[in-house]
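Here are my notes on this model, point by point. Please read them with the structure open.

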Amino acid sequence: MVIVGVVGSPRKNGRTNSLIDAVLEGAKSRGAEVKKVYLVDYELRQYKGLDGSAEAFTYCPEELSKLCDGAEAFAIGAPIYWGDINGMTKDFMDTVKIPITNGKPALGVTIAGGSGRGQVSGVQSLYTFFFHKQMRAIDPTPVSRFNMQDALDELKISGGRLVDLSKKKETFPGNTVNERLPVVQAYYTSLKYLNYDPLDECIMLDQQLIKVSEGKKEEEAKVELDKALELISKGNRSAAAEYAVKVYLMLYFTS
Ligand SMILES: Cc1cc2nc3c(=O)[nH]c(=O)nc-3n(C[C@H](O)[C@H](O)[C@H](O)COP(=O)(O)O)c2cc1C
């Protein structure tokens with residue numbers, strides 16, 4: 001059993017690499033053979049053809065497609081650029097020759113290593129790909145500098161879960177893509193973060209920052225966050241957004 005981890009960042013020693021390492025460590029500890037792939041090592045081509053997805057498949061190096069298609073499960077890690085996954089990861093997803101693979105276990109992790117903004121919108125992009133391929137994706141993992149250590153710990157557990165799922169092979173019921181679609185849609189609706197909007201992401205980022213902050217500022221931020229949460233509970237999301245951003249600006253730091 002081979003579990004493939006795809007590093008979508010051009011920086012081989014960056015945060016994406018560490019996060020994928022954690023997934024693969026978890027998988028290895030459950031007895032799986034693991035293989036790490038750096039997209040930057042391949043001649044990935046952006047799809048500029050005029051036909052459909054079959055032509056797009058020809059743009060991905062065959063060796064890379066074979067590796068991913070042949071894996072029992074795979075994980076993709078992508079850095080966040082301007083609020084979404086980077087172009088190289090998207091080019092890979094556009095062109096990798098993996099047919100609609102009913103139930104292949106998959107996991108996506110994104111790292112918004114600067115402002116922290118975009119970690120959720122990016123993870124949604126990865127899971128949109130998994131959804132369209134009808135994979136059985138688990139544990140969407142949005143990461144910033146502020147929850148990196150927690151994420152590394154959680155990803156080790158997720159890596160083990162990928163192996164467990166590969167052994168069980170939980171396919172979605174139905175013989176065709178459309179027959180399976182209702183169940184697949186229901187499955188993805190239940191996954192965490194996939195229904196988050198930018199306000200939800202900002203609240204999450206606030207909570208990540210509060211966890212790593214201390215002292216007076218943290219207390220003041222909690223008061224403002226409570227105001228945001230109360231406004232959300234009353235359905236006033238626009239007013240809540242202003243408080244949520246205020247918390248972010250109070251606590252955000254660079255290092
Ligand atoms: C073009 C570009 C745009 C970026 N945009 C964002 C962003 O929207 N949000 C964020 O938190 N970080 C942003 N970053 C920072 C990266 O997410 C950060 O450097 C991350 O650690 C990259 O992953 P890596 O360490 O695996 O290379 C951006 C970096 C680049 C190069």
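1. A word on terms before the helix pairs. Axes are lines fitted to C-alpha atoms, for helices over the stretch in contact, and angles run from 0 to 180 degrees between N-to-C directions. Keep in mind throughout that this is a predicted model.

2. Start with helix 1 and helix 6. Helix 6 covers residues 148–168. The two axes lie 6 Å apart and the helices pack at an angle of about 40°. Helix 1 is therefore oblique to helix 6. Their crossing is right-handed.

3. Which residues of helix 1 and helix 6 make the contact? Helix 1 brings Arg 15, Ser 18, Leu 19, Ala 22, Val 23, Leu 24, Glu 25, Gly 26 and Ala 27. Helix 6 answers with Met 148, Ala 151, Leu 152, Leu 155, Lys 156, Ile 157, Ser 158, Gly 159, Gly 160, Leu 162 and Val 163. By class, this contact of helix 1 with helix 6 divides into 12 nonpolar, 5 polar and 3 charged residues.

4. Helix 1 (15–28) also matters for the ligand site, as one of the elements that give two or more residues to the shell around the ligand. The others are strand 3 (73–81) and strand 5 (105–112). Strand 3 supplies the largest share, 3 residues.

5. How many residues surround the ligand, and which are the closest? There are 18. The closest are Gly 14, Pro 79, Ala 112, Gly 113 and Gly 114. The shell splits into 6 nonpolar, 9 polar and 3 charged residues.

6. Now the domains. The domain assignment gives domain 1 as 2–189 and domain 2 as 198–251. Their C-alpha centres are 30 Å apart. Domain 1 puts 8 residues into the contact and domain 2 puts in 6. On the domain 1 side, helix 5 (residues 119–132) gives the largest share, 3 residues. That side of domain 1 has 2 nonpolar, 5 polar and 1 charged residues.

7. Next, helix 8 (residues 198–212) against helix 10 (residues 237–251). Their axes come within 9 Å and cross at roughly 30°. Helix 8 and helix 10 are therefore roughly parallel to each other. Helix 8 passes helix 10 with a left-handed crossing. From helix 8, the contact uses Leu 199, Cys 202, Ile 203, Leu 205, Asp 206, Leu 209 and Ile 210. From helix 10, it uses Arg 237, Ala 240, Ala 241, Ala 244, Val 245, Val 247, Tyr 248 and Leu 251. The class count for helix 8 with helix 10 is 13 nonpolar, no polar and 2 charged residues.

8. Is helix 8 roughly parallel or roughly antiparallel to helix 9? Helix 9 spans residues 216–233, and the pair packs at an angle of about 160° with axes 11 Å apart. Angles over 145 degrees count as roughly antiparallel. Helix 8 is therefore roughly antiparallel to helix 9. The crossing of helix 8 past helix 9 is left-handed.

9. Finally, the residues between helix 8 and helix 9. Ile 203, Asp 206 and Ile 210 of helix 8 meet Glu 218, Ala 221, Lys 222, Leu 225 and Ala 228 of helix 9. This contact of helix 8 with helix 9 has 5 nonpolar, no polar and 3 charged residues. Ile 203, Asp 206 and Ile 210 are also listed in the contact of helix 8 with helix 10.

Notes. Residues numbered from 1 in each chain as written. Predicted model: local features only at pLDDT ≥ 70, side-chain atom pairs only at ≥ 80, totals over all residues. Helix = DSSP H or I, 4+ residues; strand = E, 2+ residues; numbered from the N terminus. Parallel < 35°, antiparallel > 145°, perpendicular 65-115°, else oblique. Left-handed = near helix turned anticlockwise from the far one by under 90°. Contact = placed C-beta atoms within 7 Å. Nonpolar A, V, L, I, M, F, W, Y, C, P; charged D, E, K, R; others polar. Near = placed C-beta within 6 Å. Domains from an automatic or database assignment.
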